[in-house]
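Subject: Structure for you to look at

Dear colleague,

I am passing on a structure that I would like you to read alongside this message. Please look through the sequence and the 3D view below before you go on to the notes that follow.

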Amino acid sequence: MSYDVIIVGLGAVGSATAYQLSSTTKKVLGIDQFEPPHTLGSSHGDTRITRQAIGEGSHYVPIVLRSHEIWRELELKVNTELFNQCGGLIFGTNLKNTPAHGSASFLDVTLAAANEFGIEHQVLECQEMQKQYPQFHYQGTEIGYFEPGAGFIRPEKCIEAQLKLAKQNGVELQLNKKVVSIEPNSSNDGVVVKTSTDTWEAECAIISAGAWVSEFLPESYKRFFKIYRQLLFWFEHELPYETFVGEQFPIFIRLGETAEDLLYGFPAIDGKNGGIKIGTEQYLDSCTADTIDRNVSADEIEQYFKRITQHLKVKNNCIKSAACLYTVTPDYGFVIDTMPEHPQILLASPCSGHGFKHSAAIGQILKELALNQKTDFDISAFSLSRFGE
Ligand SMILES: Cc1cc2nc3c(=O)[nH]c(=O)nc-3n(C[C@H](O)[C@H](O)[C@H](O)COP(=O)(O)OP(=O)(O)OC[C@H]3O[C@@H](n4cnc5c(N)ncnc54)[C@H](O)[C@@H]3O)c2cc1C
């Protein structure tokens, strides 16, 4: 069977691409080894932070702003809230030394991006933060950035909505099918995609396989995509529930002196007994998508509680926990590129812990690249060749 485009992997990026391509007349097939949304990749856990001024670099700003427009468009189509613009507080003990996601001065870069793009924000001194956000413990030297246009997205609902609309618009979906190879055809102007039982051909393939991306890369590129297990916890709040909802409590990112000190969290969106979701990051122990330990142990909960409670007023009662996968490149940036020597095979790996907020527009970018070999977005920072070979 022959298609114009085959998308391998239907998580955040693949579902966005399927949705974007479904507005064209192209014959599109989307394949996933599971049934997205699922809890085995990088897109589960109820919420993802989104921000307008991007501390990973201002080149991400046009992509996130377009994504915000797409989430709003989608909300109207599926009549479901996907994007909650509850505001976002980013703070550190100083402006410059705030390492996160490959950016040495995440807070400073955020502020510069806000100024460059005219994004509404406020800079907060520690005293103001102590008054406005008593949910945190402060050292006294903190400086904060508040952005009213930041908030959170519902990852599972976004994937579900995009796949539903893509299917309604004629994209064919093959679920529970693991792709075992994506190869150029004999004349190198098309692709052959195989599972253990099926073979499909297309003019173009898009690899959006998340933490499994290495399975489709030449040997020399595999080392540029490392997989890290990351933990999420929902702890009971110490202060009254009302102080963790609405305008009282935006999404937050607390930056420390090393990348591993970073903590982020969300308002209490699951009611009085649902707890506060807090995310942590580690870049010391890598794993693979197939060998990751998906259980969070009691020891880990205890260890992270001790860390989190130094900064946020929560009780030692973990209501829920989850393990999730970051795909991390050497500079923590995205890869959106064609495969070496095979321009008909596109690769999109926007993880490194900050990809969901951009995924809707990355779907548009991949559509444009698949159909026209070019996009109006500046993706020059996302080349595969920047890592060498
Ligand atoms: C704990 C955690 C917190 C995060 N927080 C944020 C945040 O606050 N804000 C933010 O913007 N980003 C955040 N991110 C990053 C963001 O969630 C990811 O960048 C994004 O979800 C990655 O999407 P993806 O499409 O690349 O991968 P996925 O959504 O995992 O999709 C990959 C898909 O490919 C399929 N697949 C793989 N191999 C095959 C195969 N051989 N055959 C068929 N199908 C295959 C998989 O089954 C899967 O469905 C976070 C990530 C994690 C893990």
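The word "domain" is used here for a stretch, or a set of stretches, of the chain whose bounds come from an automatic or database domain assignment. Please also keep in mind that this is a predicted model.

For this protein, the assignment gives domain 1, made up of 2–44, 155–220 and 331–387, together with domain 2, which takes in 85–148 and 226–328. The centres of domain 1 and domain 2, taken over C-alpha atoms, are separated by 30 Å. Where the two meet, 18 residues from domain 1 and 14 residues from domain 2 take part in the contact.

The area buried between domain 1 and domain 2 is about 1300 Å², and carbon and sulfur atoms give 58% of that area. On the side of domain 1, His44, Ala211 and Tyr332 supply 41% of what this domain buries against domain 2, which is more than any other three residues. The residues of domain 1 that touch domain 2 divide into six nonpolar, 10 polar and two charged.

The ligand has 36 residues around it, of which Asp32, His38, Ser43, Ile49 and Cys324 come nearest. A polar side-chain atom of Asp32 lies 2.6 Å from an oxygen atom of the ligand, while for Val13 a backbone N or O atom lies 3.0 Å from a ligand oxygen. A polar backbone atom of His354 is 3.3 Å from an oxygen atom of the ligand. Of the 1000 Å² of accessible area that the ligand has on its own, the protein covers 98%.

Methods. Residues numbered from 1 in each chain as written. Predicted model: local features only at pLDDT ≥ 70, side-chain atom pairs only at ≥ 80, totals over all residues. Heavy atoms only, no water. Contact = heavy atoms within 4.5 Å. Buried area = accessible area lost by both parts, 1.4 Å probe. Nonpolar A, V, L, I, M, F, W, Y, C, P; charged D, E, K, R; others polar. Near = heavy atom within 4 Å. Polar contact = N/O pair within 3.5 Å; in protein donor to acceptor, adjacent residues only side chain to side chain. Areas by Shrake-Rupley, 256 points an atom, 1.4 Å probe, with all protein chains shown as cover.
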